[in-house]
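Could you open the model and keep it beside you while you read? Here are a few friendly notes to guide your first look.

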Amino acid sequence: MQKKIRQQTIKFKNPVYIISTSSTVGPKEGEGPLKDFFDLILEDSLYGEISWEKAESKITKETFARALEKANLSQEDIDYVISGDLLNQNTGSNFAIRDLNIPFFGIFGACSTIGEGLGLGAILINGGFANNILIGASSHFCASEKQFRFPLELGTQRPPSSTWTVTGQGSVILSNKKNQDENKKLPCITAITPGKIIDMGIKDANNMGAAMAPAAFDVIYSHLSDLNISPDYYDLIVTGDLGKIGHDLVVKMFGEKNIDMTKNYNDCGLLIFDIEKQKIGSGGSGCACSAVTFAGYLYKRLKDGVLNKILFVPTGALMSQLSSQQGESIPGIAYAVAIENHD
Amino acid sequence: MKNNFIDKKKYQDTVEKMSPKTNIFLNCFNAFWSGGLICVIGEFITNYFLNLGYEIEVARTFCSVILIFFGVILTGFGVYDKIGKFAGAGSIVPITGFANSVAAPALEFKKEGYIFGVGAKMFLISGPVIVYSTLASVIVGIFYYFSL
């Protein structure tokens with residue numbers, strides 16, 4: 001039996017196995033420090049399509065197919081797809097999935113989508129509602145710029161606090177049983193803490209790390225206190241796309257609670273790019289930032305045994321271009337997903 | 001349910017303190033000389049046509065047309081945004097920047113068709129410039145009329 005613990009956390013008694021992942025990234029991510037961990041690095045962000053949006057859907061479709069292939073599963077073995085992205089009305093996912101013959105849950109958690117997906121997927125599996133679930137999240141730098149900022153060729157400067165939307169897609173397959181040929185330990189979702197929407201009144205869309213950091217802090221703090229553990233229980237606590245500023249703010253907020261986060265805390269937005277060398281600003285962002293860092297780098301590190309217990313905390317900024325123009329502040333959200341190696 | 005922290009104002013002050021600032025002096029300096037350089041090129045073009053014997057108005061029109069042409073060409077080849085990253089206002093304010101602000105959305109929204117894509121979105125960035133410069137010219141015109 002699974003159960004809800006205290007305020008916010010769900011702990012799974014039966015392990016929810018992560019049996020396969022796959023990742024695709026764009027050229028800039030392919031020049032970053034994690035380049036050896038991705039399945040496919042695109043040479044061209046258009047990926048042979050005529051628009052950025054079509055390219056994003058193609059990336060999603062093919063990365064899903066590769067995740068299935070790696071798990072030796074066919075479409076019929078999958079009970080549900082859970083997927084989301086940053087394009088209006090989730091079209092990045094919708095158009096990728098229309099050719100698949102699998103029931104679909106479209107979700108929106110901005111850049112925290114992969115965390116929301118993993119949480120819901122784990123609940124479905126643990127509740128006995130599904131055997132295998134395919135989960136994914138995608139974003140595309142050029143499509144995001146077009147939708148949220150300015151046309152690509154416009155000669156503007158980016159402030160140093162801005163983040164860089166990651167192009168790519170990360171897919172994950174959750175299952176209630178291991179693959180037959182797996183005798184080793186496998187990464188499993190053991191607990192999740194869904195976050196609350198937290199808005200500290202930050203309005204600068206060029207400083208989204210600062211807008212999301214309180215939500216990340218809140219959910220990590222709740223997770224640790226619900227389970228009555230300290231941060232060093234995990235080999236790594238990794239937030240989604242807070243970047244340098246958001247990362248430092250989280251460390252500072254924990255410091256004020258006398259909790260030391262300087263040792264085992266990092267951020268996917270800082271892992272995926274070399275922010276100095278690649279001139280990225282504060283770090284990577286977008287749905288794909290946490291999704292590909294997990295599906296590529298973190299999952300492989302867990303399988304290698306370099307990491308055994310991680311707390312994966314994708315973060316999202318829940319604003320739109322309209323809400324920003326109307327002077328609204330930026331609400332943040334984060335989902336904490338505990339992943340541990342299990343027999 | 002209570003948040004795990006306290007004060008919005010305090011947090012906003014902390015963010016302000018921890019966020020890196022743009023180097024305004026360096027940006028102004030780069031904008032000054034690179035914008036000035038574009039203007040110097042414009043002067044050369046104007047003088048060239050004056051030397052060919054054209055009237056000053058005609059020479060200036062040639063200058064604008066040529067600068068707009070190169071602004072658009074450099075936008076199409078993906079060069080102008082790189083200049084803009086360095087020069088900032090230096091490459092936005094001159095007429096080449098205006099050309100860039102029209103050409104860039106035209107390129108970006110071509111996929112949405114020639115009517116609602118290119119046609120509707122072309123003045124996405126430069127639209128406000130046209131609206132408010134027209135308004136300003138009307139106001140200046142009224143003052144000018146009554147001051148005579």
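This is a predicted model: local features need pLDDT of at least 70, side-chain atom pairs count only at pLDDT 80 or more; totals for chains, interfaces and linings use all residues.

1. Residues are numbered from 1 along each chain as its sequence is written, chains are lettered from A and ligands numbered from 1 in the order in which they are written, and side-chain values use heavy atoms, with hydrogens and water left out.

2. Start with strand S10 (residues 236–239) of chain A, which is covered on both faces. Leu236(A) and Val238(A) on one side, and Ile237(A) and Thr239(A) on the other, are all buried (under 20% relative accessible area, 1.4 Å probe, protein chains only). In a regular strand, side chains alternate between the two faces of the sheet. Strands here are DSSP runs of E, at least two residues, and helices are runs of H or I, at least four, numbered from the N terminus.

3. S10(A) runs parallel to strand S13 (residues 309–313) of chain A, joined by four bridges; pairing takes at least two DSSP bridges. Val238(A) has Phe312(A) as its bridge partner in S13(A).

4. S10(A) is also parallel to strand S11 (residues 265–267) of chain A, with three bridges, and Asn266(A) in S11(A) stands opposite Val238(A).

5. Chain B has eight helices and zero strands. Along its principal axes, the C-alpha trace of chain B spans about 80 × 45 × 35 Å. Buried residues account for 30% of its 148 residues.

Key: Buried means under 20% relative accessible area, exposed over 50%, partly exposed in between (1.4 Å probe, protein chains only).
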